[in-house]
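Subject: Handing over the structure

Hi there,

Here is the structure I promised to pass on to you. Please open it alongside this message, and then read on for what turned up.

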Amino acid sequence: MQPRNMSMSGVVDLAAVKAAQEAKAKAEQARAEAVRTGGGPGAVSPADLVIDVDEAGFERDVLQRSTEVPVVIDFWAEWCEPCKQLSPVLERLAVEYGGRFLLAKVDVDANQMLMQQFGIQGIPAVFAVVAGQALPLFQGAASESQIRQTLDQLVQVAEQRFGLTGLTVDPDAEPGGAQPAAEAVPAGPYDALLEAAVRALDSGDLAGAVQAYKNVLSDDPGNPEAKLGLAQAGLLQRVQGLDPQQVRRDAADKPADAQAQITAADLDLVGGHVEDAFGRLIDTIRRTVGDDRDAVRVRLLELFEVVGTDDPRVATSRRALARALF
C-alpha cells in the first residue's frame, strides 16, 4: 500500500479531487457489501478501539476498517521515549472519542516495511487512513490540545467527505466481539446519480460529471455532496487544456483584466495555492467595477465551495471580500 497525501482543509488539486471521490464511492460500496453479507460493523467494546497492527494484518485491520471508521496509526518503538509520552494520550483519546476513530499501533522495529511505505523518517509519527487514503497528521511531540484539534478535523473530514460516522461503542460488549450489524440503510434517492458522477470523473468525462451533479441539484438544490462535486468538477473542466505559463503571463500583464485573473485563480487553486487564489480575486474586486467585478465575486464564491465553507481560509477571505465590496 502506497500512502497518498490528502489535505484535510480542502481537496483542491487534480489528483486529490479524483481520489476523494473514488475513495468515498469505494467506502460506500464496502459498507453496503458488508451489510449485505452480514459482516457490517456492530457494537464494539472500548477495548476494541485500540489495536496492535502488523504488516500481515494491515490490509484487514487498517485499509478495510478505514471504510467504516477513520483509522489513526501510531508508529512507535519500545526505545522511543517521546512515544512513551504520546501513545498513552492517543489511547485515552481513542476511548474518549467513543468510536469516532480507531487507533492502530504499529511497532516500527517489527514492521520496517510499513515504516518505509509511509516514508517515516523519525518517530513518533502519526498518520490516518480514511476510506483507503493515507494522510499524515503529525510527527514528534505534540500537546494534547494540538492532538485534539487534529483529531477533531479528522473526524469532521471523515464524516463530511466520506460519510464515515465511526463505530458504535457498547461498554457491555465483549472485547473482540461484535453485536449483530444494524439493518442496511436504504439508498438515498440520488445515490445512483452521485455514483454516475464519480464514474464520469474516474473516466475523465468532466462534462458528464458536471451534468450528473446538476441533475441532482435540479431536484435538491441544497444537496451538499452535489454542490461540492459540481464545484470541483467545474473547476477541473475549466482548467483542462490550459497553458499554465500563458495564463500566468496574461495575469501578470493585465492586473485589471477580470477574466485573466479569474483563470489564474483557478490554476492557483488546482495547484493547492488556496490563499493565492482567494487573494488574487479579492485584489481584482478592488480594481474592477460593474459586470467584471460581479464575475470575479461569483467565481470567488464558487472557489469557496471547492475548498469547503468550514475551512478557516474561507472564513478569513469572506471577511476580506466584505471589506473589498463595501
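Among contacts in the chain between residues at least 6 apart in sequence, what percentage join residues at least 24 apart? The answer is 73%. Please keep in mind that this is a predicted model. The chain has 326 residues, of which 47% count as buried, and its secondary structure consists of 13 helices and 5 strands.

Let me begin with some pairs of helices. Two packed helices are described by the angle between their axes and the distance between the axes.

Helix H7 covers residues 206-219 and helix H8 covers residues 224-239. Their axes lie 9 Å apart, and the packing angle is about 155°. An angle over 145 degrees counts as roughly antiparallel, and H7 and H8 are therefore roughly antiparallel to each other. Their crossing is left-handed. On the H7 side, the residues that meet H8 include Leu-206, Val-210, Tyr-213 and Leu-217. Among the H8 residues that they meet are Ala-226, Gly-229, Leu-230 and Ala-233.

Helix H3 (residues 81-96) and H5 give another arrangement, with an angle of about 45° and axes 11 Å apart. H3 and H5 are therefore oblique to each other, and H3 passes H5 in a right-handed crossing. From H3, the contact uses Leu-86, Val-89, Leu-90, Arg-92, Leu-93 and Glu-96. From H5, Glu-144, Ile-147, Arg-148 and Leu-151 take part.

For H10 and H12, the angle is about 10° and the axes are 10 Å apart. That makes H10 roughly parallel to H12. H10 contributes Ala-258, Ile-262, Ala-265, Asp-266 and Leu-269 to this contact, while the H12 residues involved include Asp-292, Ala-295, Val-296 and Arg-299.

With 18 residues at 1.5 Å a residue, H12 should span 26 Å, and its end C-alpha atoms are 26 Å apart, which agrees. Which residues of H12 are buried? They are Val-296, Arg-299, Leu-300, Leu-303, Phe-304, Val-306 and Val-307. Seen down the axis of H12, these buried residues fall within an arc of 155°, so they line one face of the helix. Gly-290 and Asp-291, on the other side of H12, are exposed. The buried residues of H12 pack against helix H5 (144-162), H8, H10, H11 and H13. Just after H12 comes Gly-308, with a positive phi of about 115°. Most residues other than glycine have a negative phi, and most peptide bonds are trans.

Helix H11 (residues 274-287) can be read in a similar way. Its 14 residues should span 20 Å at 1.5 Å a residue, which agrees with the 20 Å between its end C-alpha atoms. The buried residues of H11 are Val-274, Ala-277, Phe-278, Leu-281, Ile-282, Thr-284 and Ile-285. They cover an arc of only 160° around the axis, which puts them on the same side of H11. What covers them includes helix H10 (258-270), helix H12 (290-307) and helix H13 (312-325).

- Asp-74 is in strand S2 (residues 71-76). Is Asp-74 buried or exposed? Asp-74 is buried, with a relative accessible area of 0%. Leaving out residues up to four places away in sequence, Asp-74 touches Ser-87, Leu-90, Leu-103, Ala-104, Lys-105, Val-106, Ala-125 and Val-126.
- Asp-61 is in helix H2 (residues 58-64). With a relative accessible area of 16%, Asp-61 is buried, as the cut-off for buried is under 20%. Residues up to four places away in sequence aside, Asp-61 touches Ile-51, Val-53 and Leu-102. Asp-61 and Val-71 are 10 residues apart in sequence, and their C-alpha atoms are 9.0 Å apart in space.
- Pro-124 is in the loop between helix H4 (112-117) and strand S4 (125-130). A cis peptide bond joins Ile-123 to Pro-124, with omega at about 5°.

Enjoy exploring the model!

Best wishes

Technical notes. Residues are numbered from 1 along each chain as its sequence is written. This is a predicted model: local features need pLDDT of at least 70, side-chain atom pairs count only at pLDDT 80 or more; totals for chains, interfaces and linings use all residues. Side-chain values use heavy atoms; hydrogens and water are left out. Helices (H or I, at least four residues) and strands (E, at least two) are DSSP runs, numbered from the N terminus. The expected span of a helix is 1.5 Å times one less than its number of residues. Buried means under 20% relative accessible area, exposed over 50%, partly exposed in between (1.4 Å probe, protein chains only). The arc is that of the directions from the helix axis to the C-beta atoms. Contact means heavy atoms within 4.5 Å. Axes are lines fitted to C-alpha atoms, for helices over the stretch in contact, and angles run from 0 to 180 degrees between N-to-C directions. Angles under 35 degrees count as roughly parallel, over 145 as roughly antiparallel, 65 to 115 as roughly perpendicular and the rest as oblique. A crossing is left-handed if the near helix is turned anticlockwise from the far one by less than a right angle, and right-handed if clockwise.
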